[in-house]
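Here is a short report on a single protein chain.

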Amino acid sequence: MGINIWLIQTWEPNPLDDPNGRPWRTGILAQRLAKRGHQVTWWASNFSHNLKRFRSNEQRHTIGENFEIRLIPALGYQKHLSPRRLRDHRYVADQFRKLAEVSPLPDVIVASYPTIEICAQVSEFCENHKIPLLIDIRDQYPDLYWENQTGLKSHAIRLLSFGMKRLAHKALRGADAITANGPEVVTWGLGYAGRAKNALDRTLFMSYEKPALSPERLAIAKQQLEAKGVRFDRPIVAYTGMVGQTIDLEPVIAAAEIVGDQAWFVIGGAGDALEAWQSRSAHLPNLVFTNWLTSDEVATLLSLSKIGLIPYRPAPNFERGITNKPVEYLANGLTVLTSLQRGTLVDLIREYQAGSSYASGKELADQIVAGIAQPSSEASLRLFNEKFHPDKVYGDWIELIEEVASSSGAHDGNAAR
């Protein structure tokens with residue numbers, strides 16, 4: 001018998017943004033839960049974080065059998081870092097609580113963290129109504145606010161974040177199970193929850209479902225990439241993602257200078273640091289910035305690339321967990337080269353011989369030259385299949401959700417008021 005599940009994820013892209021878009025973590029979970037026969041309601045903000053636009057005037061949207069999206073009223077914002085974004089987070093959390101209180105109760109809730117504000121509201125709601133709660137940690141807020149700073153600024157931000165820390169404690173202490181994209185992130189969450197690890201707390205890595213592109217879509221995407229300056233007559237070293245303050249392309253630029261015409265370097269993405277990096281590398285004919293890429297373009301680029309770059313600035317958030325980017329690279333058999341020197345990702349790519357770390361442009365260049373001389377990386381595919389394959393990740397996750405719901409007596413009257 002299926003159970004009634006609420007998924008709380010306010011900022012991830014969903015089918016209302018692009019019906020043909022590649023589903024992210026919550027999107028894949030929703031699809032698989034619905035296919036298994038469970039009733040899924042995905043609570044999302046009416047404001048798209050990525051597109052910076054409102055989604056719909058209607059609150060409820062049927063996506064497929066057993067699958068509905070409910071939109072929560074939002075204020076909206078135009079900048080990632082702004083007081084208005086924080087006000088929006090509080091407003092969305094409050095609006096969710098108002099709507100939830102007059103809705104039929106679910107059997108179990110899975111909340112994506114962040115935002116802190118909505119997870120705190122969900123935690124209190126679940127406690128009041130005796131609903132089992134799983135919290136899936138995606139980013140380690142509020143610690144990110146001060147861990148990305150240094151000196152007195154870091155200390156000042158930590159002090160100013162006292163209220164956010166209290167909300168994080170409130171959110172995570174109410175979770176029956178804490179899941180995250182790495183074991184160190186689970187431990188981080190348990191620190192805010194103020195408890196020891198239990199049998200329900202799990203590492204659930206990011207995963208990736210490779211889109212099945214028809215020859216026609218593949219050809220169109222390749223033409224679009226060529227129009228953006230990408231060439232395919234040499235091995236490609238690719239980065240796809242945000243071009244913001246969290247990445248450091250200086251070693252990549254230095255490596256491109258050294259490698260020369262042995263490879264093309266493609267930076268697929270946009271962000272607040274894009275123009276600065278474009279200006280810094282304007283002298284390099286083998287380094288291309290494409291700006292934002294469509295899902296088909298990303299899939300095509302990675303399917304035709306040799307090496308995937310993870311050029312993060314060192315930060316505990318990236319060291320503790322594994323983001324979606326290296327997982328996409330591994331799924332395409334790419335060798336992963338990362339600036340990170342420690343952490344779960346580094347441990348795994350070294351163990352499986354699927355990549356390595358670099359500490360300078362010269363090291364990166366040497367690794368690229370060695371990597372492009374190798375055949376397709378079977379090691380990368382083996383690592384993906386054993387740790388990140390969607391059948392494994394989502395199979396384990398769904399079993400956990402069902403376990404939490406059944407052990408909490410979900411069918412003993414939760415669904416009715």
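Which residues of helix 14 (residues 344-351) are buried? They are Thr-344, Leu-345, Val-346, Leu-348 and Ile-349. Buried means under 20% relative accessible area, exposed means over 50%, and partly exposed lies in between (1.4 Å probe, protein chains only). Helices (H or I, at least four residues) and strands (E, at least two) are DSSP runs, numbered from the N terminus.

**Basis and confidence**

This is a predicted model: local features need pLDDT of at least 70, side-chain atom pairs count only at pLDDT 80 or more, and totals for chains, interfaces and linings use all residues. Residues are numbered from 1 along each chain as its sequence is written, and side-chain values use heavy atoms, with hydrogens and water left out.

pLDDT is the predictor's confidence in each residue, from 0 to 100. Its mean over the protein is 93. 97% of the residues reach 70 or more. Residues 409-417 stay under 50. The model still has 22 contacts beyond four places in sequence for residues 409-417, where contact means heavy atoms within 4.5 Å. Where pLDDT is low, the predicted coordinates should not be read in detail.

**Cores**

A nonpolar core is a set of buried Ala, Val, Leu, Ile, Met, Phe, Trp, Tyr and Cys residues joined through side-chain atoms within 4.5 Å. The largest has 64 residues. Phe-265, Ile-368 and Phe-388 have the most contacts inside it. Helix 9 (residues 250-259) gives the most to this core, with five residues. A second, separate core of 41 residues includes Phe-47, Cys-126, Val-186 and Ala-193.

Phe-388 touches residues beyond four places in sequence, among them Phe-205, Tyr-208, Ile-322 and Leu-383. Leu-348 is also one of its contacts, and Leu-348 is a buried residue of helix 14.

Ile-178 sits in strand 9 (residues 177-180). It counts as buried because its relative accessibility is 0%. Its contacts beyond four places in sequence include Ile-135, Leu-172, Leu-200 and Arg-202. Val-186 and Ala-193 are among them too, and both belong to the second core.

**Helix packing**

The axes of helix 9 and helix 15 (residues 361-372) come within 8 Å and cross at roughly 55 degrees. Axes are lines fitted to C-alpha atoms, for helices over the stretch in contact, and angles run from 0 to 180 degrees between N-to-C directions. The two helices are therefore oblique to each other. Angles under 35 degrees count as roughly parallel, over 145 as roughly antiparallel, 65 to 115 as roughly perpendicular and the rest as oblique. Helix 9 contributes residues including Pro-251, Ala-255 and Ile-258 to the contact. Helix 15 contributes residues including Gly-361, Leu-364 and Ile-368.

Most residues other than glycine have a negative phi, and most peptide bonds are trans. The entries below depart from that.

| Site | Feature | Value |
|---|---|---|
| Tyr-113 and Pro-114 | cis peptide bond | omega about 0 degrees |
| Pro-114 and Thr-115 | cis peptide bond | omega about 20 degrees |
| Asn-66 | positive phi | near 70 degrees |
| Gln-353 | positive phi | near 55 degrees |

Pro-114 lies in the loop between strand 7 (108-113) and helix 3 (116-129). Thr-115 is in the loop between strand 7 and helix 3 as well. Asn-66 lies between strand 5 (60-64) and strand 6 (67-72). At 23% relative accessibility, Asn-66 is partly exposed. At 68%, Gln-353 counts as exposed.
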